[in-house]
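Biologist: I've got the sequence and the model open side by side. Walk me through the labels, please, and tell me what stands behind each one.

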Amino acid sequence: MIPLGTNRDPDARQGPARRLPVWPRLAALLLAGAAVWLWAGRPSLAGAEALETPPADAAPKRELTPAEAERERQWARQRERMVELGLRGRGIRNRRVLAALGKVARHEFVPTRVAHLAYADRALPIGHEQTISQPYIVALMTQAADPQPEHKVLEVGTGSGYQAAVLAELVAEVYTIELVPALAREATARLKRLGYGNVHARAGDGYLGWPKAAPFDAILVTCGADHVPRPLWEQLKPGGKLVIPVGPPGRMWLRVLSKGADGKERSRDLIPVRFVPLRRPGDRPEK
Ligand code: SAH
């Protein structure tokens, strides 16, 4: 109210003839102010609502609207929290791996209806009875693969393409194979849209690896097997790491196999895990 008083006094000094129109003018000013205030409040409200249903196909290159930019900042804050509490807080130490998970937009890799859970530390459904792994497992597997900038890495089980995107932030070339053709198509389109030009994706049986692109510095298998596929071990360079969930269903462990310079195998098990099964073409999907 103080500004009104100070505004009124100078007007009052200008004489009675100008005094009468002051109130209508002030009222108009107040109304205009209120209108501006309400209008200015709208974008942030729209942003909060839209947060629940982010557009599945936003073009990456065009400029963001203020509401979209605010939404991106909110996703970034959620990612930061995920990295601090869910990853660093649980023992992930590799700085490059932490930075990669802090950068990749996981909400772009999950269905819109669960996008609000994208940065919770949990696996999420991606259709075709498959899941995107929880961020902690992605970080643990990536760290165990010891990715270096000049590396060429193979992933078996593209799924949504998220793990491939994380790897693409860390190494020179990523090769990724997915058994379900529809998932392979979706992931390929998604990775292209998001600008991951160093990922080579194809549909096929990852059990057999990718002989034409072999050998690899590291191989990550993101579906669980009851044994380590021989072709994958053979396509690993000496000095390389093969990270794979192994064991009978319900009793799998995340295993890291290291190939010595002499080709010898060393193996260590990290933690018990649950993964969708590695299947072969012709296997029934529900197996
Ligand atoms: N890495 C994925 C999650 C993988 S879920 C992500 O980041 O989203 C495991 C995936 O492995 C499933 O999509 C499943 O279809 C696939 N898969 C199972 N057996 C396979 C095989 N033999 N070759 C390639 N992919 C396989």
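Biologist: Let's start with the hairpin: how many residues lie between β7 and β8?

Modeller: Five residues lie between β7 and β8, and Gly247 in the turn has a positive phi of about 140°. Keep in mind that this is a predicted model: local features need pLDDT of at least 70, side-chain atom pairs count only at pLDDT 80 or more, and totals for chains, interfaces and linings use all residues. Residues are numbered from 1 along each chain as its sequence is written.

Biologist: What makes β7 and β8 a pair, and in which sense do they run?

Modeller: Two strands pair if DSSP finds at least two bridges between them. β7 and β8 (residues 252-259) have six, in the antiparallel sense, so they pass that cut-off. One of the bridges puts Leu242 with Leu257 in β8. On the β6 side, β7 pairs in the parallel sense over four bridges, and there Leu242 stands opposite Ile219.

Biologist: Why is β7 called largely enclosed?

Modeller: Buried takes 20 or more other C-beta atoms within 10 Å of a residue's own, exposed means 12 or fewer, and partly exposed is in between, with C-beta atoms placed from the backbone. Eight of the eleven residues of β7 (236-246) are buried, so this strand is largely enclosed by the rest of the structure. Over the chain, 34% of the 287 residues are buried.

Biologist: What makes Ser267 count as exposed?

Modeller: Ser267, which is in strand β9, has 11 C-beta neighbours inside 10 Å, so it falls in the exposed class. Leaving aside neighbours within four places in sequence, it is in contact with Arg255 and Leu257, where contact means C-beta atoms, placed from the backbone, within 7 Å. The C-alpha atoms of Ser267 and Leu242 are 9.4 Å apart, and 25 residues separate the two along the chain.

Biologist: What is the strand order in the open sheet?

Modeller: The seven strands run β5-β4-β3-β6-β7-β8-β9, with mixed pairing. β5 (199-203) and β9 (265-273) each have a single partner strand, so one side of each has no neighbour in the sheet, and that puts them at the edges.

Biologist: Why are α4 and α6 called roughly perpendicular?

Modeller: Under 35 degrees is roughly parallel, over 145 roughly antiparallel, 65 to 115 roughly perpendicular, and the rest oblique. Axes are lines fitted to C-alpha atoms, for helices over the stretch in contact, and angles run from 0 to 180 degrees between N-to-C directions. α4 (66-87) and α6 (135-144) pack at about 70°, with axes 10 Å apart, so they land in the roughly perpendicular class. Met82, Gly86 and Leu87 in α4 meet Pro135, Tyr136 and Ala139 in α6.

Biologist: Last one: which residues are closest to the ligand?

Modeller: Gly157, Gly159, Ser160, Gln163 and Gly206, out of 24 that surround it. A residue is near the molecule if its C-beta atom, placed from the backbone, lies within 6 Å. β2 (130-132) gives the most to that shell, three residues.

Methods:
Helix = DSSP H or I, 4+ residues; strand = E, 2+ residues; numbered from the N terminus. Contact = placed C-beta atoms within 7 Å.
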